[in-house]
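Subject: A structure for you to explore

Hi there,

Here is the structure I promised to pass on to you. Have a look around first, and then read on for what I found in it.

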Amino acid sequence: MNSLMETLERVTRVAGIRGAMLVSESDGLVVAEALAEGLEGAAVAALAASLTLRLRRTAQTAGLAVPAVVQLKAETGTLITVPAGDDLLLVAVAERDANLGLARIELKDAATRLAS
Amino acid sequence: MTDPIRDLTARLAADPQSLVFLELGEALRVRGQLGAAYKVARMGTNRYPELAEAHDLLARILADQGDRHAAAEAWKRVLDLSPQHVGALKGLAFLAFRAGDPASALPYLEAALASAPDDEGLATAVTRIRASMEVAARKPEPEPVRQLPGVETFEPFESARGVVLLDAQGLRLAGELAAPDGTEVGDAVAAHLQGVSREAGRAARLLGLGAWQSVSAESPDGHLVVQPPTSATVLLLVRDPRVPVGRLALMADQASRAARAWLERLA
């Protein structure tokens, strides 16, 4: 298994994480994915990249720097995105009862490794 | 559709001595590719150490990266080269304001306004900061409990600070939001958020997560939360990064309740 997939698999080992993927931010395409069955990688990637870009523009318009974390919270889970280097986003899907604090730490660590 | 960054990169490769690096660095910064933007800007300052615009570009990128000290140094270098440089003066004002020091921001903004007297945003920012400093000078020390984030009532809602309520067309209904330099940005932010409810809802549905509840973003210099108080409105709450994200979510719930009450009073 290559190091990229190992990094994604490590994120998915956090309890309650249904999947992780690396996405090209500018075009919303999947670079690599480790998703549970039933998750549509291509669609999730496109929407995650689009939503993250919108929040980035909103933050910048408000005079804030580029966000380090963007989260979409819904009834039964959460989507988390973290920048992972030039034009890349690390995306994770968490269940409602997942330990989001731990998931965020693992995502940030993974993003740092991917960016280096 | 062509990719402007690819075009600019090709132009720079064809003529490495050209000033196209300024456009390329800015395009990368706006797109959030800060690592690449930094490399381009640093290459530019090395090649043109006496070019103020190159250092200004570098400063903006450093500010976006959250390195305020290095950004301040870069903007001071700009002023060494071009003492009336409006971008550098605004940038240093931004850093001072962001550090919670409006008194230090004011001289930079006044100098910028002197160089660009037709800049309405600058004039507004100077007026706002002067007014806020006068109010602060007159106001007695607030009670400690009022300083605790999380106990806000968001009343009167129509003039609540750091909150924007917008309709489905991206028009601001209530609330006020100022950028760190004092410029009112509520309308511009509302426009950027038009359609966010549909986009977030679609993403949540596709993931099988049910209805969306909020979207949050954490920047080094501020946290923001977006919520749908009603099906036809969206609320944005922005606070200092010292407010933990979990508490900010609770504050957003409070603000949404205040928004719904305000909308009911209007109906």
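Please keep in mind that this is a predicted model.

**The two chains**

Let's start with chain B, which has 11 helices and 5 strands. Of its 267 residues, 43% are buried. If you take the contacts in chain B between residues at least 6 apart in sequence, 45% of them join residues at least 24 apart.

Chain A has 116 residues, and 53% of them count as buried. Its secondary structure comes to 3 helices and 5 strands. Among the contacts in chain A with a separation of 6 or more, residues 24 or more positions apart account for 47%.

**Where the chains meet**

A handy thing to know is that the size of an interface is often given as the accessible area lost when the parts come together. Here, chain B and chain A bury about 3700 Å² between them, and 59% of that area is on carbon and sulfur atoms.

There is charge pairing to look at too, with 2 salt bridges found across the interface. In one of them, A:Arg54 pairs with B:Glu199, and the closest N and O atoms are 2.6 Å apart. Counting polar contacts between chain B and chain A gives 21 residue pairs.

Which strand of chain B is joined to strand 3 (residues 69-74) of chain A? The partner is strand 3 of chain B: the two run antiparallel and are joined by 6 bridges. To find the spot on screen, look for A:Val70, whose bridge partner in strand 3 of chain B is B:Ala217.

A:Val70 also stands opposite A:Thr81, in strand 4 of chain A. Strand 3 and strand 4 of chain A run antiparallel, with 5 bridges joining them, and a hairpin connects the two strands through 2 residues.

Keep going and you reach the pairing of strand 4 with strand 5 (residues 88-95) of chain A, which is antiparallel over 7 bridges. Here A:Thr78 has A:Ala94 as its bridge partner in strand 5 of chain A.

Why is strand 4 (residues 77-83) of chain A described as largely enclosed by the rest of the structure? Because 6 of its 7 residues are buried.

A:Asp87 lies in the loop between strand 4 and strand 5 of chain A. This residue is worth a click, as the phi of A:Asp87 is near 60°, a positive value in a residue other than glycine. Is A:Asp87 buried or exposed? With a relative accessibility of 18%, A:Asp87 counts as buried, because the cut-off is under 20%.

A:Asp87 also brings us back to chain B, where B:Gln33 is in contact with A:Asp86 and A:Asp87, as well as with B:Ile5 and B:Leu28, leaving aside neighbours within four places in sequence. You will find B:Gln33 in the loop between helix 2 (20-31) and helix 3 (34-47) of chain B. B:Gln33 is buried, with a relative accessible area of 10%.

**One last residue**

Finally, take a look at A:Arg56, in helix 2 (residues 41-61) of chain A. A:Arg56 is buried, with a relative accessible area of 2%. What does A:Arg56 touch, not counting residues up to four places away in sequence? Within chain A, the residues are A:Glu25, A:Val66, A:Pro67 and A:Pro83, and from chain B there are B:Arg31 and B:Gly32.

How values were computed: Residues are numbered from 1 along each chain as its sequence is written. Chains are lettered from A and ligands numbered from 1 in the order in which they are written. This is a predicted model: local features need pLDDT of at least 70, side-chain atom pairs count only at pLDDT 80 or more; totals for chains, interfaces and linings use all residues. Side-chain values use heavy atoms; hydrogens and water are left out. Buried area is the accessible area (1.4 Å probe) that two parts lose on being put together, summed over both. A salt bridge is a side-chain nitrogen of Lys or Arg within 4 Å of a carboxyl oxygen of Asp or Glu. A polar contact is a pair of N or O atoms within 3.5 Å; within protein, one must be able to donate a hydrogen and the other to accept it, and residues adjacent in sequence count only if both atoms are side-chain atoms. Two strands pair if DSSP finds at least two bridges between them. Helices (H or I, at least four residues) and strands (E, at least two) are DSSP runs, numbered from the N terminus. Buried means under 20% relative accessible area, exposed over 50%, partly exposed in between (1.4 Å probe, protein chains only). Contact means heavy atoms within 4.5 Å.
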